[in-house]
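Hi everyone, thanks for making time for this. Please have a look at the structure on the screen, and then I'll walk you through a few spots I liked.

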Amino acid sequence: MEVQYILGILHNLDLAIWAVLIFIAFVLVTQAHYKAQLAKLPTFETDKGNEKWRRTYSDSARMLYQEGHKKVGSYLFKDQAWIMPTSDGRKNVVVPGRLLSELSKLPETVLSFPTAINKVLEVKYTKVAPDEPFAPYCIKADLNPALSRLNPIIYREVENALEDEIPQCEDWTPVFIYRKLLNTVAKVSGRIFVGAELSHNKDYLDTAINYTIELGNAVQAVKQMKPWLRPFLAWKLPEVQQLNKREEMAIRFLEPIIQARREASKDPDTKSPMTCCSGSLLRRIVKMQLLVIFAGIHNTTVTATNVLYNLAVSPEYMQPLREEICKAISDNDGTLTSRALQQVEKLDSFMKETIRFYPQNSLPSRAKRGQYIPPGTSIEAPLQAIYQDDSNYPDSDTFAGFRFYKIRQGGGATVHARNQFVTSNEQNLVFGYGKHACPGRFLAAAEIKMIVSKILLTYGFKNADNWTERYSNYEVGRLNMPERAIPLLFRKTTAQDSSL
């Protein structure tokens, strides 16, 4: 009896050992197959060691993507997919713009944008909800169709916020404009996202301004931890715990508003941007609101700041833009209506040229299956390289504020559509591409146009200390951000400011 028992244990151990060996063999074979498939694609090779490469990638990934886009050895990468090693040890497949149309037709089971974003944001540990379907649905179905009605409200909010944020400036006054614009965008966006009840609430504004930063800190903290430790220790990271505290804070100040909206939604005469979410769970709604904050407020602020930094060293653009804005306002009952925003084509062009020169990031996706690209591979587009390609944009190294305005003159509907600020196509990727293009770009465009218009009509501005070069942006990996620690000089416009 005892012998049989012992033999049974040995037999079970034997089976367990075989199971472990089979599992290990499967993993090794899968990895070998993965590497073999990747080896078929040309790779951006470097003679630098891993640590030196990580520093180079972190310092300026943009330059690496531009170099890879042009050529590596004998390969002309802009016409085919190629591999870029990243700073965290992964190997991403970079695809040329001409392949994006084909890739966009693939189903999510083959090419998954949410899966890629989940990996980038370490969702398993940060617990954010980047693939929450209600967020884009509400923006597309409720917010975007309502913009023509909401634009006068947005413009009044812009005027009030800028009056609060920027001093009188009777003489040249230093203004740290990034922070002022961040506060302004938080208030203006809050008026639309959560309504007048909360848009100036201290806790809401603190969340709107700091949530994106705190999420970035949490993601970086998780990525710096060894992968095998993350399931056990990631939740203890101070940055992750701060993110959890931020969510609980958001629940506390959003709950009364959500409950009120739920009651209001029962009234058929009530129109509320959040009505479509009235039946959702509280935490799900809060996560959606935080997602909207993450996606919109800092990105809008960065673009508006870059526009002002470009104008500060290009005074020749200011008067034509002022004249265009004044005419659009005059033709539309003294305010920036939706029609007026469509009429400021020179401003639209200047904004579009700004994001061509200073895009913020690249376009990630994740391939789940594929004949030539193995499962689990991250795919991205070389956004900056596409924007700096002379075959796409002649004389691409030169900033031409009215580049797209000139292209649109005399062109048909297709030319007009392809060359607007909000356009998303294979040559304009800053808002993403295909069905995952940013749905909030129309609100962002309206806010930026209104903010820049109000500033142009109210102030003259220039660089501090007679600095004639544009303030440099700083780069961290694929991010491209404007300098925040140097002020612009502002002064209320006068009759003598027409040459500013």
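Predicted model: local features only at pLDDT ≥ 70, side-chain atom pairs only at ≥ 80, totals over all residues.

Asparagine 466 is not a glycine, yet its phi is positive, about 55°. Is asparagine 466 buried or exposed? Its relative accessible area is 70%, and exposed means over 50%, so asparagine 466 is exposed.

There is another residue of this kind, lysine 127. Its phi is near 65°, again a positive value in a residue other than glycine. You'll find lysine 127 in the loop between α5 (123-126) and α6 (134-165). Lysine 127 has 48% relative accessibility, so we call it partly exposed.

Now back to strand β7, residues 459-463. Of its 5 residues, 4 are buried, which means that the rest of the structure largely encloses it. Which strand does β7 pair with? The partner is β10, residues 488-492, and the two run in the antiparallel sense over 5 bridges. For example, tyrosine 459 has lysine 492 in β10 as its bridge partner.

Let's turn to the aromatic rings. The structure holds 13 aromatic pairs. One of them joins phenylalanine 421 and phenylalanine 431, edge-to-face, with 5.4 Å centre to centre and 80° between the planes. Both residues lie in the loop between α17 (413-418) and α18 (441-458), so this pair ties together parts 10 residues apart in sequence. Phenylalanine 421 is buried at a relative accessible area of 1%, and phenylalanine 431 counts as buried at 14%.

A stacked pair is formed by phenylalanine 461 and phenylalanine 490, at 5.4 Å centre to centre and 20° between the planes. Here we meet our two strands again: phenylalanine 461 is in β7 and phenylalanine 490 in β10, so the pair ties together parts 29 residues apart in sequence. Both of these phenylalanines are buried.

Last stop: charges over rings. Lysine 462 has its charged end over the ring of tryptophan 172, 4.3 Å from the centre. Likewise, lysine 352 lies over the face of phenylalanine 404, 5.2 Å from the ring centre.

How values were computed. Residues numbered from 1 in each chain as written. Heavy atoms only, no water. Buried < 20%, exposed > 50% of the residue type's maximum accessible area, 1.4 Å probe, protein only. Pairing = 2+ DSSP bridges. Phe/Tyr/Trp six-rings, centres within 6.5 Å; stacked < 30°, edge-to-face > 60°. Lys NZ or Arg CZ within 6 Å of the ring centre and 35° of its normal.
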